[in-house]
Amino acid sequence: MSTTLEAAVGRSTRRPSPLWLVLIATALPMFMATLDNLVMTNALPVLHAEFGASVEELQWFMNAYTLAFASTILMAVALGDRFGRRTVFVIGIVVFTLSSVLAALATDPGQLIAARAAQGFGAAAVMPLSLTLLAGSVPLARRPLAIGIWGGVAGLGVATGPLIGGAVIEGWAWQAIFWINVPIGVISVALALVALPNSFGARLRADVIGLVLSGLGLLGVVYGIVRGNDAGWSSFEVLGSLIVGGVLLLAFIAWEARSSAPLLPLRLFRDRSFTVANLAGFGFSFGAFGSIFILIQFLQVVQGSTPLEAALQTSPWTLAPMVVAPLAGLFAARVGTRALIVAGLLLLSGALFWLSQLLDADIEYSAYVVPFIVAGIGMGLVFAPSSTAVLATMVPDDHAKASGTNSMLREVGVALGIAVSTAVFTGAGGALTPIDYAVGAQPAVIVGAAVLLVSGLVAMLLPVGRAVAVNSARSSTTAPPTGRTQSEPEPEPELVH
């Protein structure tokens, strides 16, 4: 087991910490970062009233975080490989915690958007390195269970985000949703330093050009979508943003193909499991989180629920992944990840189509309970198996890049999902009034459901099977991880589909 761990964690030779301590040390800061993906959703109507924020500004409260995250996550992974994954992981926690303080102290929309972007930069170092540190700190045989628990904690962040947001807003003030990150951040730093090895990867030069091209490209595309309905889709501002953003993203791909130290190694996409799992993960984030953004405000704006009431009403959806995700991670090695991911995406799609037909002020809440539960089961089936599928056939040195790519694409999915859902919402005549909100909400949720349906069909392309050994020929042509020589044993077989 020690040989496997050394191969996975690179230079570190420290004695492995107990599994429970590793799980807490990696999952707690990840929980904090996941929490802030949804913790603001219940606060949006409150911020609209307090700041006089527009629908566009409400989007940026969410998308400033996800765009900053997505545009810097691969650079954070590269820095972790070079300077130590635990080192960069801890720095990310500190940045996230300090920017949470700035968000709590914000007095206008611009300050809050800037603080949310800073949070995203911190989360970019936390999320992918969390999974990488976990994968490198537990025996391979126990990795699916560990990732399943890790996925369950991610589900807990999704579940408690609206609940915590609703409770603190109603019992205290919206600023408290950021203050709660401070004690979690302090504890997380201490745990990481005690429980996790400071593993290293290949020390390659920083791909600054790739970072700039991808960051500006994503910003241009999302900005164009956000501004489309207000400025006009044929306006110079919108068309220019979409075209420039698209060109920059194409330039990013071209640059990565020729770079000697790419931010995003395109060779990873030669692996079918990795490619399909990422496409499905992108669609999952796009459809699910774009719809959540619309639905949780529907309960407040149309149904007249308080922030806490709206959080409790959606809890059948958001709490289900806490139970389902660990079980899915446990059974992934037995039934295969493909079956679980496909089933989860199709269940979630069906639930959203169902919910889209119930978006009316006169429909009782009880009608929403069953589709909320179905949506939660579907979400839980996707979380852990998709993470397992991404890493299934990756050699240890590629774990950080693979995990970072997966997290980046998921966050891009969140940003685009919110932007497109809101564009459909406003384009259909939606507004933040009880009558007009229901008009725009239905087509927006249908779009999310359709994307999830397509993602479920794409996930059927995942390889079939339950376990294979890492291809020895491929391993032999890959530079050995730092700290492992060519004469040392190869890593144990990886679990796949």
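## Basis

Helices (DSSP runs of H or I, at least four residues) and strands (E, at least two) are numbered from the N terminus. This is a predicted model, in which local features need pLDDT of at least 70 and side-chain atom pairs count only at pLDDT 80 or more, while totals for chains, interfaces and linings use all residues. Residues are numbered from 1 along each chain as its sequence is written, and side-chain values use heavy atoms, with hydrogens and water left out.

## Aromatic pairs

Rings of Phe, Tyr and Trp (its six-membered ring) pair if their centres lie within 6.5 Å; planes under 30 degrees apart count as stacked, over 60 as edge-to-face and the rest as tilted. The whole structure holds 12 aromatic pairs. One of them is the tilted pair of Y65 and F69, 6.5 Å centre to centre with 45° between the planes. Both residues lie in helix α4 (residues 55-83), four residues apart, about one turn of the helix.

Y65 and F69 are both buried (under 20% relative accessible area with a 1.4 Å probe, protein chains only; exposed is over 50%, partly exposed in between). W174 and F178 form an edge-to-face pair, because their ring centres are 6.3 Å apart and their planes at 85°. W174 is buried at 3% relative accessibility, and F178 is buried at 0%. F298, W317, Y368 and F372 form one aromatic cluster.

## Helix α14

Helix α14 (residues 337-356) has 20 residues and should span 28 Å at 1.5 Å a residue, the expected span being 1.5 Å times one less than the number of residues. Its end C-alpha atoms are 29 Å apart, which agrees.

Among the buried residues of α14 are L340, I341, L345, L348 and L352. The cover over the buried residues of α14 includes α12 (272-301), α13 (307-335), α15 (366-391) and α17 (434-459).

Terms used
Contact = heavy atoms within 4.5 Å.
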